[in-house]
Amino acid sequence: MANVHVVGAGPAGSITAINAIKSNHSVLISEEHPTAGIPQNCSGLFSLEGLKILKKYVDHNKFVINRINGTDIYLNDVLFKIRRKEAVACVCSRAKLDNALADKAEKEGAKIVYGERIKDNFKANNIIGADGANSTVASNFDFPRINRFVATLQKTMDYRKEENGVVDVFLSSKIPGFFGWIIPHNEEKAEIGVGVELPNNVRDAWNYLLKIKKIEAENPSASIIPVETRKRAGKEICGKNVILVGDAAGQTKATTGGGFLFGALCAEIAGRDVLRPKWYDLEWRARFGHEFMLHRKIRDHLNCMNDSRLAELGEKLNKMNFNGYLEKHGDMDKPSKIIKPEILKYLINIVPGFNARQQ
Ligand SMILES: Cc1cc2nc3c(=O)[nH]c(=O)nc-3n(C[C@H](O)[C@H](O)[C@H](O)COP(=O)(O)OP(=O)(O)OC[C@H]3O[C@@H](n4cnc5c(N)ncnc54)[C@H](O)[C@@H]3O)c2cc1C
């Protein structure tokens with residue numbers, strides 16, 4: 001009988017399982033769907049830096065759909081272009097990636113039961129809630145609630161894009177908390193998507209993006225992403241060790257909703273610390289808490305800006321050649337890496353009140 005029960009065979013569940021096995025635990029994974037990675041509710045856009053860290057589990061090269069070397073950010077109607085000479089990210093098939101991670105967990109010795117939804121029928125005294133944004137494990141064990149979620153709509157469809165390696169990002173205050181994206185898969189196909197922080201209306205955001213891009217698309221898929229970290233993600237309760245990891249713990253970037261990499265990094269800690277849930281909770285916050293906080297601050301700042309301030313920001317970024325700075329210090333995942341002493345000369349110009357003498 002397994003001594004660790006992982007609920008959910010998403011990336012966080014499989015990576016926790018692999019690391020728990022390395023720490024001499026026996027692991028059972030329960031997954032409610034008949035296979036891992038389906039339905040796919042993810043754009044599959046990951047930094048190459050992040051994917052390097054995951055190389056010990058899977059070789060992402062097998063699942064690459066497209067390579068990305070730039071972003072066009074539309075701050076209302078002002079375009080700010082970020083370009084790199086080489087690819088810095090790639091679009092992967094999330095379904096295949098999740099499947100490969102689950103296979104790896106099985107090969108390492110985990111038993112996976114597919115088609116089994118866990119309500120309160122836990123199978124061991126050490127429980128890992130890797131069960132996503134609507135975590136059943138979190139509700140069962142009375143963890144603090146996550147209060148901030150982004151609702152998303154997205155669809156992969158025929159779409160012609162001039163620069164096949166460039167992702168488009170849209171920001172506008174017309175729909176509060178709105179961001180939109182077009183992620184190219186090839187010259188003919190792209191994923192179009194929008195997100196808004198609840199309780200704003202995601203359908204309005206979808207219609208807005210279709211209108212400005214003059215495209216028609218029906219039946220997008222809907223999903224939600226937690227965009228704040230859970231106040232607590234590990235506890236000992238009634239003789240059980242319970243850990244939440246990945247989306248269940250809100251380990252996502254509030255700027256973009258991306259959660260694959262941080263979920264995976266926290267899952268490594270979870271697997272090692274199965275028997276020490278409080279230690280796990282301290283360690284992931286110590287290592288990545290500042291990154292989550294910075295993502296949250298950046299997103300809150302953007303959400304507060306009206307269209308004219310967004311456009312003004314775009315103009316300033318262009319004028320200061322902020323692209324040049326990002327080329328040297330940019331990092332898709334870890335905003336702390338962007339903060340070098342040289343950034344002060346940009347912040348003075350773009351953050352209101354930063355340079356008190358200017359006012
Ligand atoms: C539209 C959209 C686009 C995104 N794009 C990106 C992106 O480009 N890059 C990125 O890094 N991140 C992206 N994300 C976020 C990313 O998908 C998540 O952060 C990531 O999937 C979290 O992994 P996880 O293993 O924690 O949870 P999940 O991937 O949600 O896996 C949870 C698993 O648990 C299973 N499960 C749930 N409840 C139960 C239960 N009670 N019993 C048994 N099984 C259960 C589910 O079936 C699922 O397989 C996106 C999210 C959305 C919604």
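## Backbone exceptions, strand pairing and the ligand shell

Cys-238 sits in the loop that connects β15 (234–237) with β16 (240–244); helices (H or I, at least four residues) and strands (E, at least two) are DSSP runs, numbered from the N terminus. The model is predicted: local features need pLDDT of at least 70, side-chain atom pairs count only at pLDDT 80 or more, and totals for chains, interfaces and linings use all residues. Residue numbers start from 1 along each chain as its sequence is written.

Cys-238 has a positive phi near 50°. It counts as exposed, with 7 C-beta neighbours inside 10 Å. Most residues other than glycine have a negative phi, and most peptide bonds are trans. The table lists the exceptions.

| Site | Value | Location |
|---|---|---|
| Lys-214 | phi about 55° | loop between α5 and β14 |
| Ile-38 to Pro-39, cis | omega near 0° | Pro-39 in the loop between β2 and β3 |
| Leu-198 to Pro-199, cis | omega about 15° | Pro-199 in the loop between β13 (189–197) and α5 (202–213) |

Strand β2 is largely enclosed by the rest of the structure, because 4 of its 5 residues are buried. It pairs in the parallel sense with β1 (residues 4–7) over 4 bridges, two strands being paired if DSSP finds at least two bridges between them. Val-6 is opposite Ile-29 of β2. Strand β8 (residues 111–114) also runs parallel to β2, joined by 4 bridges, and there Val-113 is the bridge partner of Ser-30.

Strand β3 belongs to an open antiparallel sheet of 3 strands, ordered β3-β7-β4. Its edge strands are β3 and β4 (64–68), each pairing on one side only. Between β3 and β7 (residues 89–92) there are 3 bridges, and Phe-46 has Cys-90 as its partner in β7.

The ligand is surrounded by 38 residues, the closest being Gly-8, Gly-10, Gly-132, Gly-246 and Gly-259; a residue is near a molecule if its C-beta atom, placed from the backbone, lies within 6 Å of it. Elements giving two or more residues to this shell include β2 (27–31), β3 (45–47) and β14 (221–226). Domain 1 (4–65 + 92–147 + 228–300) and domain 2 (149–226) both contribute, so the ligand lies between them; the bounds come from an automatic or database domain assignment.

Conventions. A residue is buried if 20 or more other C-beta atoms lie within 10 Å of its own, exposed if 12 or fewer, and partly exposed in between; C-beta atoms are placed from the backbone.
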